Amino acid sequence: MMTFILFILMIGVLIAFHELGHMLVAKLFNVYVREFAIGFGPKIFSKQGKETLYSLRLIPLGGYTGMIESEEENNLTDQQEGQNEQIVIPRERTFYGVNPWKRICILIAGPLFNLLLASLIFVTIFEVNPQKVVYPKAVVASIMENSPAMQAGLQKDDKIIMVEYSNGDKINVDTTYDLLINNQLHKGAYTVTVIRDGLEKEISVTPAYDEELKEYVIGVTFAGQAQLVKMNFGEAFVQGIKSTGQSVALTIKSILMLFTGNVGLESVSGTIGMYSYTQEAISYGFLSYLSLVGSISISLAVMNLIPIPVFDGGRVVLTIVEMIIGHRINKKVENIILYIGMGLIFALFILTTVSDLTKLFN
């Protein structure tokens, strides 16, 4: 029950911050916001503000900032809850009645607020637990018998300084953390550049799947252990911001690799997968749960900036096209584009749900 409550709380907070960004910037530009809603479906709770109806709705998987958008809606009236007077919304207060650059600001405010939330979370985590992990250099300590590393010719004391993956990505390696993160994002054979006896040497190696670890490995251990290092207040703050930036970069890279086919859909999770991750994170403690919330907030921000029409990023692209051609795109064409985007999102939802269920039953 606690997992369910914390999962719903996480979804609600992520959506609330996202929509809060849209609403605050819309109000900053004097765009009329009819409703600020967390969730969909029947209202559980609502409160009428001066202009905006603030509501909590039954289905928690979503939310919206209900602005008066089009010029056509300019002739409609908006009935304030509990009042008889009707309010006519002037064109200059509609979403499409303000300058395009203001619309872009409103659209990107949602993802930016999710990044702000993630930054606050990661800074809080490092201030509460002011320790960071320092990883050792990628120096080979031992090699398993008959492992891919042994067959490829890797040797003890080889220092890995670079990895080139099958898709052409080249990664400079400073510590074992660089290998840990990037090996998870790539599949197939790769070439490592090592320093051996003062000389650089390139070695191709093909990882093998380990049934026990449930991942691809090459069969090496590295010298040294990851260590925890204490930080002062300022260092913890900087580390929190740095961790946010690293997570953003990793999320962008993962999404790009998903679209290029270097990462399979089995790496993508939907609602069921998020619930499983929440359950696992809670088992490690509250800070682990907070870290998950921060990571998903970053994923939500980056996903919303993808130029698919129903996402904020897609609507930004349509607005930029409008600025270039000097007028709004034909509404029928715009609707077709939005329907295509909705179809793509629905297909992704189905695929991620199937992937989640497959992983769950396996």
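Predicted model: local features only at pLDDT ≥ 70, side-chain atom pairs only at ≥ 80, totals over all residues.
View 1. Lys137 belongs to the loop between strand 5 (131-134) and strand 6 (140-143), and Asp174 to the loop between strand 8 (170-172) and helix 4 (176-185), so the pair ties together parts that are 37 residues apart in sequence. Lys137 is partly exposed, with a relative accessible area of 41%, and Asp174 is likewise partly exposed, at 43%.

**View 2. The salt bridge between Arg196 and Asp158.** An N to O distance of 2.8 Å separates the side chains of Arg196 and Asp158. Because Arg196 lies in strand 9 and Asp158 in the loop between helix 3 (148-152) and strand 7 (159-165), the pair ties together parts that are 38 residues apart in sequence. Arg196 counts as buried at 17% relative accessibility, and Asp158 is buried at 1%.

**View 3. The salt bridge between Arg57 and Glu35.** Here the side chains meet at 2.8 Å, N to O. Arg57 is a residue of strand 2 and Glu35 of strand 1, so the contact ties together parts that are 22 residues apart in sequence. Both Arg57 and Glu35 are buried. The model has seven salt bridges in total.

**View 4. The surroundings of Thr52.** Thr52 occupies the loop between strand 1 (33-48) and strand 2 (53-67). Thr52 is buried, with a relative accessible area of 1%. Beyond its neighbours within four places in sequence, Thr52 is in contact with Lys27, Val33, Arg34, Glu35, Phe36 and Lys47. Among these residues is Glu35, the salt-bridge partner of Arg57.

**View 5. Thr319 in helix 8.** Thr319 lies in helix 8 (residues 312-325) and is buried, with a relative accessible area of 4%. A polar atom of the Thr319 side chain lies 2.7 Å from the backbone oxygen of Arg315. With neighbours within four places in sequence left aside, the contacts of Thr319 are Pro100, Arg103, Ile104 and Leu107.

**View 6. The hairpin of strand 9 and strand 10.** Strand 9 (residues 190-196) and strand 10 (residues 199-205) pair in the antiparallel sense over seven bridges. Within this pairing, Thr193 stands opposite Glu202. Two residues separate the strands, and Asp197 in the turn has a positive phi of about 55 degrees.

Note on methods
Residues numbered from 1 in each chain as written. Heavy atoms only, no water. Pairing = 2+ DSSP bridges. Helix = DSSP H or I, 4+ residues; strand = E, 2+ residues; numbered from the N terminus. Buried < 20%, exposed > 50% of the residue type's maximum accessible area, 1.4 Å probe, protein only. Contact = heavy atoms within 4.5 Å. Polar contact = N/O pair within 3.5 Å; in protein donor to acceptor, adjacent residues only side chain to side chain. Salt bridge = Lys/Arg side-chain N within 4 Å of Asp/Glu carboxyl O.
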